[in-house]
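Visitor: I'm new here. Could you show me around and explain the terms as we go?
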Amino acid sequence: MTAEQRRNLHAFRGYVSKILDPTYILSYMTPWFRDDVVQHIQAEKNNKGPMEAASLFLQVLLELQEEGWFRGFLDALHQAGYSGLCEAIESWDFQKIEKLEEYRLLLKRLQPEFKTTINPKDILPEISGCLISQECEEIIQISSNKGLMAGAEKMIECLLRSDKENWPKTLKLALEKEESKFSELWMVEKGAENVQMKDLEDDEMKTLDIQIVYKEEPENQNLSQNPCPSSEVPPAYSPLKPRNFQLELALPAQKGKNTIICAPTGCGKTFVALLICEHHLKQFPQGRKGKVVFFAVQLPLYEQQKSAFSEYFERLGYKVSGISGEIADSVSVEQIVENNDIIILTPQILVNSLKDGTIPSLSIFTLMIFDECHNTNKNHPYNMIMFNYLDQKLGGSSDSLPQVVGLTASVGVGDAKNEAEATEYICRLCASLDTSVLTTVRDNLEELEEVFYKPQKFFRKVESRTTDKFKCVISQLMAETEALAKSIFEELGTVTLENLSRIQNRNFGTQKYEQWIIAVQKACMVFQMPDKDEESRICKALFLYTSHLRKYNDALIISEDARMKDALNYLKNFFSNVRAAGFDAIEQDLTQRFEEKLVELEDISVDPSNENPKLKDLCFILQEEYHLNRETRTILFVKTRALVDALKKWIEENPKLSFLKPCILTGRGRTNQTMGMTLPAQKCALDAFRTNRDSKILIATSVADEGIDIAQCNLVILYEYVGNVIKMIQTRGRGRARGSKCFLLTSNADVIEKEQLNICKEKMMNDSISSLQRWNEAVFKEKIHQIQVQEKLIRDNQGKVKPVVDKNNKKLLCGKCKTFACYTADIRVVEECHFTVVRDAFRERFVTKSHRKPKKFGNFEKKSKIFCARKDCLHDWGIHMTYKTFEIPVIKIESFVVEDVATGAQTLYSKWKDFNFEKIPFDAAEMSAGAQDLNLQAMNGLE
């Protein structure tokens, strides 16, 4: 496909998305679309309809780099029956399709009469040539299952998407043949404008109301001064007119200064970034070009910003593209950076590209914009990028460096206890980003306050349960399990359970107990004895006891904040999984102990007198707020994914609250309790909450508090949820509507005290910023320079001390049963991040089970899970995958204990990077030679 064809398809994507239902052609696109992409597009249609699914389809299509996809797309259209659309794309002439627009508008206006007067089964044979064959089947099926009116509604939907230029006349002939009264209204010859319409009822008029929403991102017209018409037909594009406070925020950066822009969530910082970017690109003289890179820390935020920049700049003739970790393996970073004017990146992409030399230097960029720039500290990818920048700056390089702009709602103050310490903290952030200007709104505060509404904050201290029978029973089970673990130590007589960890004053159902049991479990995993069989037995028993104690503790934490029923379901699910795994004598005993208490726990969990007081208060707040305003939109922030799921079920099962129809949003990583949401699932959840007015509440973890654009909310509830001052400002900023409220609901007085301390720190931060803005710029620059020199000196000295690679051979033992797995000499590193074992003997030491979520990424295809082969263990060791043409196991170091062959000393590692053994790269020739040796052995055996 040529660049021109790609540009044309992008330019005409509005026409395509109005017509194409991509699910009808996905089966023809399998050579180019991965299975997870196909599922995402299908989910998009199911959740939001074919137009949104088509937009997603085109987005994925336009990012393809493989040869032949454009021809494949045209062939797919032809095969599915989209002859009109195929013809329009081949000629890049959409006039025939555009002429159908007046008939679409007419049919929409006549929709009520069509549904009540037309039998779709009668006219379908006459108009089937104007529809896709699958659409005809769906109309018949819906008419049979849901009734003729539903079938007629489906027929309207299909006709509105028809690409056949003769469908209006064909429909007219079909209506006349059936002598339908509707044919009198369907006046094709005179066009839509001349049709005499009935007076619209009041209910229909409501759809014409202008709706004004308050959101953060640039595409939302309220943040410019443009009117925002409500219409399904996209209006003609007109440039957004910035507000005065946005011009004020942009001005220092437009003058070429390195700047941190600190402004409230919801005031359009991304729009400010667009203004800066546009000004920057236009300032270059003929023959020179600027190149901008915009960084977004989270994938949903990356998708959001990429969409905003594409929409804004492609109309101006600039090329915009993006790369995230999701697609990095399948695209050329070098080509995308070279061929585009604006590149949206997740920052680790650039860190990796600088490290491997794909991007030789930051000097290829002329402007770098860091969204959520307060993250520029410690080992964050933002800081890794700026280390490279500062090394170049302080190293005396003659190459030019890009301008730097940071965006944030709060620069934070760290652990500062007074204004002087807060000022020092902010100076260090400025030094990290090489900025000597802190920009806030000062001259146009009144205008800012018209857009940004700071919600009222309320603190609700709620009492915990006075008696907790559920906790009593679980605590008894935990005490019994601890006693069983102690009995093993009594056998040994050398160490006790208590002195395995320094953590004291631990109570069941607390984070401190969680920390204690993790420390104990790690200590037990490296416990050693002269008798290795006895060591295996004891370590495995202690592993099981500590694992069960962790789960019981998790359940108590869930019960504290949600229902006892949710905590009990969590435990029932855990014991169900235990039965499906090794299920040895210890597990059978522990399971029996739990099941003996199960009936009692069931009775306790359904007893109304045991209702959680915190849930009662949460219910009261929600009922009160929705009584005052039925259109209230709420974000409910909670600490954990388990609590997200529990509160969603509670709302759905509560007759007083079920009308809220909750959506959920959680992070992507995996925890010991749950799997995270995939990126497509996150996007669907956000889009559903933005567009579905029936869903009135979003339950979210911390993934929603930073940067992601969420629909206008006037109620924010922090449910046992508190962080630092940055988190406080960001979560509060989710409530942007006029008259919005923010509740902190907790049973812990320390939580309220911490939030009140955050309020004090916010004032300290604002005072420090004001103080720094009064500094002489030359003095500020010198202060920044001193910090940079000092930090580089520390960094350079740390870099000289490199960890010594241990070349001695080590054993890897199963972390649960201590069975020998492999030697480090047999481990190979695949593409610098995956670790496999090359000796065939290793394959006899594990068993496989099909992976619940097989997936292809780059050169890899994830197929199955691998587990310790001991039937009474089955500890999770990693995954089995195809790498190019090789079938390889990929192991995770946290599943093993590392034993020194010479000394017998045992060590645990949570990450491969912490294990400094000799890492040998994977060699395809070595694998091929090994396979040939096996074949020769087999042949010799036959002889």
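Visitor: What makes β8-β13-β12-β9-β11-β10 a sheet with parallel pairing?
Guide: Two strands pair if DSSP finds at least two bridges between them, and here 6 strands line up in that order as an open sheet, with parallel pairing. Strands are DSSP runs of E with at least two residues, helices are runs of H or I with at least four, and both are numbered from the N terminus. This is a predicted model, where local features need pLDDT of at least 70, side-chain atom pairs count only at pLDDT 80 or more, and totals for chains, interfaces and linings use all residues. Residues are numbered from 1 along each chain as its sequence is written, and side-chain values use heavy atoms, leaving out hydrogens and water.

Visitor: Why are β8 and β10 called edge strands?
Guide: Because β8 (456-461) and β10 (663-665) each pair on one side only.

Visitor: How do you know that β10 pairs with β11?
Guide: The cut-off is at least two bridges, and 3 bridges join β10 to β11 (residues 697-700), so they pair, running parallel. L665 stands opposite A700 in β11.

Visitor: What makes β5 mostly covered?
Guide: Buried means under 20% relative accessible area, exposed over 50%, and partly exposed in between (1.4 Å probe, protein chains only). In β5 (residues 367-371), 5 of its 5 residues are buried. L367, I369 and D371 point one way, M368 and F370 the other.

Visitor: What joins β5 to β2 and to β6?
Guide: Bridges: 4 join β2 (residues 292-295) to β5, and 5 join β5 to β6 (residues 403-408). Both pairs run parallel.
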